[in-house]
Amino acid sequence: MAHALSERGGVGPCAGAVLGRGANRVVVADPSDPACCLKMELPVSLRTAVGMRARLRRRLGRVFPRLGENATELRAWCRLSASLGPEMLAGRIAESLEIVHGPAGSALRCAMVIDDDGRPAQSLHALMGAPGLFTADALCAAVDDFERWLHRHAIPLLDLNAGNFVVAGTHEPRLVCVDAKSLLAGKELLPVSRWIPALRRRKIARRAERLRQRIRAELGTPVNLR
Ligand SMILES: Nc1ncnc2c1ncn2[C@@H]1O[C@H](COP(=O)(O)OP(=O)(O)O)[C@@H](O)[C@H]1O
Ligand SMILES: [Mg+2]
């Protein structure tokens, strides 16, 4: 998957640094614009195994590009930005810019999230495997803060897993969501938790709590030995 933009507007064979990989896409720095990154959908053989419904969605995405991960995420970001205003999403959900096409396929161009030192921000998932950089308490406080923001603006972002967040802020960690697909696409057959506010709040609270528990399980809670 060593493909990236060779020039603005097309995906060519020159490689940008890999920033991360999720279940569906590999994300590389955009060689034509240091402020951006490119998300490329992985071929079926390289994707992480998922359940039946997600498999069906992936298959539909191959037949109808409009239903693919990149198109879904771009649509999700544009809709939320149109309803709340882009300034409301700044620093919370990474901006999806456009889909670009080239000889090696298509990619979603997004704003790259950087940390206070100007480097690409690391995923929460990576930081949970790197004890010493942030404490469990500090990362859990960042989850609390993000959860409050979702509730305050009634945002149905339901896939709160550690790979979907990067951590900006070197002293005080701040979560930025880099995968907004779940605003529109989920595992449910009938997405009632998107329609009914009480169910949405409950689901977000449950998923945020599960994320905090995972952080504590990975990084532990400091024990005062005295
Ligand atoms: N805008 C971004 N800025 C910095 N890193 C990013 C950005 N988008 C994605 N990443 C990195 O790529 C990884 C996978 O991205 P993601 O969109 O969640 O892929 P998938 O759709 O496969 O789940 C993230 O965990 C993160 O490390
Ligand atoms: Mg993801």
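Strand 3 gives the shell around ligand 1 its largest share, three residues. This is a predicted model, in which local features need pLDDT of at least 70, side-chain atom pairs count only at pLDDT 80 or more, and totals for chains, interfaces and linings use all residues. Residues are numbered from 1 along each chain as its sequence is written, while chains are lettered from A and ligands numbered from 1 in the order in which they are written. Helices (H or I, at least four residues) and strands (E, at least two) are DSSP runs, numbered from the N terminus.

**Ligand shell**
- Ligand 1 is surrounded by 23 residues; a residue is near a molecule if its C-beta atom, placed from the backbone, lies within 6 Å of it.
- The closest are G20, G22, V27, V178 and D179.
- At least two shell residues come from each of strand 3 (18-21), strand 4 (25-29) and strand 5 (36-41).
- By type, the shell has 12 nonpolar, six polar and five charged residues. Ala, Val, Leu, Ile, Met, Phe, Trp, Tyr, Cys and Pro count as nonpolar, Asp, Glu, Lys and Arg as charged, and the others, Gly among them, as polar.
- Domain 1 (4-111) and domain 2 (122-219) each supply at least three shell residues. The domain bounds come from an automatic or database domain assignment.

- An open, antiparallel sheet holds five strands in the order 3-4-5-7-6. Two strands pair if DSSP finds at least two bridges between them.
- Strand 3 and strand 6 (96-102) are the edges, each pairing on one side only.
- On average, neighbouring strands of this sheet are turned by 25° against each other, direction ignored. Axes are lines fitted to C-alpha atoms.
- Strands 4 and 5 run antiparallel and are joined by five bridges.
- V27 stands opposite K39 in strand 5.

**Helix 1**
- Helix 1 (residues 52-63) has 12 residues and reaches 17 Å from first C-alpha to last, close to the expected 16 Å. The expected span is 1.5 Å times one less than the number of residues.
- None of its 12 residues is buried, so helix 1 lies largely in the open. Buried means 20 or more other C-beta atoms within 10 Å of a residue's own, exposed 12 or fewer, and partly exposed in between, with C-beta atoms placed from the backbone.

**Loop residues**
- G16 lies in the loop between strand 2 (10-12) and strand 3. G16 counts as buried because it has 20 C-beta neighbours inside 10 Å.
- A154 sits in the loop between helix 5 (136-152) and strand 9 (165-168). A154 has a positive phi of about 55° although it is not a glycine.

Notes: Axes fitted to C-alpha atoms, helices over the stretch in contact; angles between N-to-C directions.
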